[in-house]
Amino acid sequence: MVLAADAFAQNVFFYVIAAAMAFSAIRVVTVKNVVHAAMYLVMVLAGVGAQFILLASEFVAATQVLVYIGAVVVLVLFGVMLTRAKLGQDVNLTNDYWWLGAVAAVMIFGVMAYSLLDYYGDEPLDTAGAESQLVDNTGQVSDAIFGQYLVPFEIISVLLLGALVGAIVLARKD
Amino acid sequence: MDDVMLNQFLLLSAILFSTGVYGVLAKKNAILVLMSIELILNAVNINLVAFGAHNGTIVGSVFALFVIAVAAAEVGVGLAIVLLIYRNRRSVDLDDVAQMKG
Amino acid sequence: MFAAETVEAGFFLEHAYLIPLIMAASFGLTLAIGKRLGKHASWIGIASIGACFLFAIVANVQWADYVHDTEHAAEAKSDTDDHGSEDTSDDGHGDEDESNSEDESHGDDEEHSIGPVLPDDVGPTVDGETAAARAPPVEAAAPAVPAAEGEEIEIVPITKTWTWWTNGTVEFEAGMLLDGMAVMMLFVVTLISLLVHIFSTDYVAGDRRYTHYFAFLSLFSASMLGFVMAQNTLQLITMWELVGVCSFALIGHWWEEKPNSDAALKAFLTNRVGDVGLLVGMITLFFAAGQTFDIIEINTLANEGAITHTALVVASCCLIAAVMSKSGQFMLHTWLPDAMAGPTPVSALIHAATMVVAGVFMVARMYGVFWNGLVIGGSSINFLAVVGGVTVLGGAGLAFVQSDIKKVLAYSTISQLGYMVMALGVGAWTAALFHLFTHAFFKAGLFLGAGSVAHSVHSFDMKKDMGGMKQFMPKTYVTFMICTGALIGIFPLAGFWSKDEILAGADQLGSGYSAFMVVGTLGAFMTAAYMTRLIYLTFFGEFRGGHHEADAVVSHGEEDHPVDEDHAADPLDHADHSDHHGEPHESGPRILIPLYILATLAVVAGFTNIPDSGVLSWVPEGLALQFEHLFEPRGGYFPSLSEVGPTGVTFAHPKFDIAIAIGSSLVGFAGIGLAYAWYFKGMGPHGITERSKIAKAGHTFLVEKYYLDHLYTGIIAGGVKGPIAKAVNWFNKKGLDGIVDGAGKSAVVGGKFVYNTLDQKIVDRAVDGSGLAAEGGGQAFRQMQTGKVQQYAAILFIASVVLAGTFIIVI
């Protein structure tokens, strides 16, 4: 672990970022303006990237920022603009049976939290010996992707191509 | 606060996941639903990377990367569909798309 | 009992699994390139089914050889055995020769031709006993007595299995199980399917989904052929469902019209009801038989009494539900007449060779289970026979009031299937399969004949559009008459022999089972009467149709679609047009040739199982009872002829009884005579349904099909939405409360105490609560159908979370 030497500092970072993320995530689904929601989504995605760095996966963190914040959010914003959502207040973004969704969400969180606390308890993230194996993360990731996981990688690239073509076919006017 | 626990990450991920589920179920605006799906996928990514770090293996990161790629594809197609719906119905309100009623 | 492995099975028997594969390939090929071939697409299907038919014929011939060889080997063996035991030497010459030759053939048969496997497989033994030890393990388990006179010689079925995947200790296999009944079905299915293919090339010529039609015809044949060869219950279920899917696709072939797609849906959904029974039954058997899917093993274990009786009863009752839906037994038969919405050749295929006989075949296949589970032949009447008996009469009764020629035939099929199920229920296994065999030919002939008529007049309505067809279509008329004769059971046509065997089978058990002989005889009477009515309305009297031809729109291209012809065409026009234009005409050769073949078979098929007892004792042994001899399974997986099973009943063959034969024939002729007098001569109280209230009520009852459809759609299906909930609530409030009240009031002190505490507080609340819950549930379910995906998803999420939470808490 890159920062494992100082667990306290790491924890401080974690909780500050996590609090911001939780807040932003809830704002994404409660705010009354779609563009604002997108901005809060950027916060969450950036937070996730930060958590990746805390978890010593800097390559994934970089990809997260590049792909999500750089591409996905921009795409979403384009979507917002193209569907002419008003840039001001959007009153009725929530449907009439939102309570059903709230119940589902709370129940899901309850079950997950219960089972996680029950099963993992206070188990440390850094089990013995795990630390040393994660040095040179990026190199290992590239080794894995272009070695053992080459076929899935290729399939995913074909999938992306397919999605690209599909998106064009769906969205173009003719 | 003297040790980093696995559960920190998992619970954070659970919060993101539940929020995303709520968004998917309760939002009328199709684009907001897509954003909520991004939340869910990110929750999954945190889990993957956290477990990878926990087990001292790189596989978690690799799969997180794959998920990111798939998410990108999903957003592209999803937005294309939303645009199509908008073009046909002048609205992205999902309550208007209630055609599953028998 | 003797080792049958000494006998080599022919190539075509060993590789019969190719037959369904050929048809499956034909399905794929037709779909892939059929569109490009246009109207030649049918040739793929015809060529494949033709090849399969030849394959099946050769397989049948080889099967006959196989049976004979097995018997000869066994006889030769029994001679040497006797000899050896007299000599009391440790290695007689004969034995050694035998074991040597066995060694070789055993060697190459071993990997595929496995007899029923028992855990303690045969190990090396003392030299002299090698031959006996080489016998299949089941026989080793059976008492190894030398062949007495009439001792059954085991015919080991030809099996081939491939392990599909393994899960723990359970092997999921795919394979082939070829015994007499499977070989017989191969012949029937491929023949009927071939004729239907040929017939269809004319009948659906120019159809908009010509390739689709032939592709599904291929898949239909493939799944049915796979079904009859299924080696394990898993495969049986898969093929069973495939047959259902294909029938769905073909019944709804012209799905643009609402009635057709409704009929297809109805067929599919009704079958789902029974399929639940099939699944539950097969799962029960899977666990009861020690986690095996192997059909032979399950049957063997059932015959040995190794499966508990309770498990067998549960399994066979569940499987009967499946038979009821698939084979159109009473209560779940309602889909069958509606399925007439499909193209006529498909109806012929469904009714003669595939779909509906699947249920009967399944019972025959799992007969060890049914035999022991229901104690067939025991003192009490069993469920299977009752279902069949009710169906015989119920189906025949409905056939009287139909005006659609195909629906009469559909109800006739229901009735005949009732005969088969009843025969299985009274232990006349061979009679049931024999009737299946003969019925396939004459019923296919009748359906194709009806199709030929309808093709000519563009309608199925006998009362409106037919009549006097005899003069227009003499050839169709002759074949139709022959097939009708066979169905009624006129000597010496096919139906006579098979129906008679069923009646004799019902009779031989005596006691309560004689009732089924009466039922069967009554059914024969009704069959004769309604078929005479059908013949009269179709072929005799004045031609009532012709107005369809008046609108010259009807071109050949649309002839494929007789069902939805516009019935409202102007009837006045036909007078001047019908003479030169609208006259019905005889069908072409592609329709007639299948009819000729089927009519011929309807005449001769009965002689395959001609009995040689009673007055027929002059029939030479080599000719008599060939069907029974060749196709009835002999071995540990089938109720034994010689040994008493765990239920204390011995399987037996009915003897030909001249009294029954003459009696049922007379009854049949009486039916014909009565119907003849009524319809042809106009005798009897016509118009009684108008005058007599009782007769009218009976007529309405029949027209409304015993109100079963109302029961299903109106009461059962509609009930979920609220009414039934309200009714339950009302009943609870008024009915049960009243009883409880009355009981409480009439009681003295002790009673009052019970009333106050128990009835009022607990019973009442539970009763009220259940009523309210049902009503609330009905309302809630109705409101849940909003069509909004997010709501559905929310409910899905909540449900799965509850499930997950339950698991977490429990585990």
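Predicted model: local features only at pLDDT ≥ 70, side-chain atom pairs only at ≥ 80, totals over all residues.
On the face of helix H7 of chain A that is turned away from its buried side, the exposed residues Val151(A), Ile155(A), Val158(A) and Val169(A) are carried. The buried residues of H7(A) include Ile156(A), Ala163(A) and Ala167(A); seen down the helix axis, the buried residues fall within an arc of 30 degrees, so they line one face of H7(A). These buried residues pack against helix H3 of chain B, which comprises residues 59–89. Helix H7(A) itself runs over residues 150–171, and its 22 residues should span 32 Å at 1.5 Å a residue, a value with which the 31 Å between its end C-alpha atoms agrees.

Chain B, which supplies the helix against which H7(A) packs, has 3 helices and 0 strands, and its pattern, read along the sequence, is α-α-α. Of the 102 residues in chain B, 65% count as buried.

In chain C, strand E1 (residues 158–167) and strand E2 (residues 170–178) pair in the antiparallel sense, with 9 bridges between them. The two strands form a hairpin in which 2 residues lie between E1(C) and E2(C), and Gly168(C), located in the turn, has a positive phi of about 65 degrees. Phe172(C), in E2(C), is the bridge partner of Trp165(C). In a regular strand, the side chains alternate between the two faces of the sheet.

The C-alpha atom of Glu241(C) is separated by 8.8 Å from that of Ser223(C), although the two residues are 18 residues apart along the chain. When neighbours within four places in sequence are left aside, Glu241(C) is in contact with Arg272(C) and Asp275(C).

The loop between helix H10 (258–288) and helix H11 (295–304) of chain C holds Thr292(C), a residue that counts as buried at 10% relative accessibility. A polar atom of the Thr292(C) side chain lies 3.1 Å from the backbone nitrogen of Asp294(C). With neighbours within four places in sequence again left aside, Thr292(C) is in contact with Phe286(C), Glu297(C) and Ile298(C).

As for the cysteines of chain C, Cys246(C) counts as buried at 0% relative accessibility, and Cys483(C) likewise counts as buried, at 1%. Over all chains, the structure holds 0 disulfides.

How values were computed. Residues numbered from 1 in each chain as written. Chains lettered and ligands numbered in written order. Heavy atoms only, no water. Pairing = 2+ DSSP bridges. Helix = DSSP H or I, 4+ residues; strand = E, 2+ residues; numbered from the N terminus. Disulfide = S-S within 2.5 Å. Buried < 20%, exposed > 50% of the residue type's maximum accessible area, 1.4 Å probe, protein only. Expected span 1.5 Å × (residues − 1). Arc of directions from axis to C-beta. Contact = heavy atoms within 4.5 Å. Polar contact = N/O pair within 3.5 Å; in protein donor to acceptor, adjacent residues only side chain to side chain.
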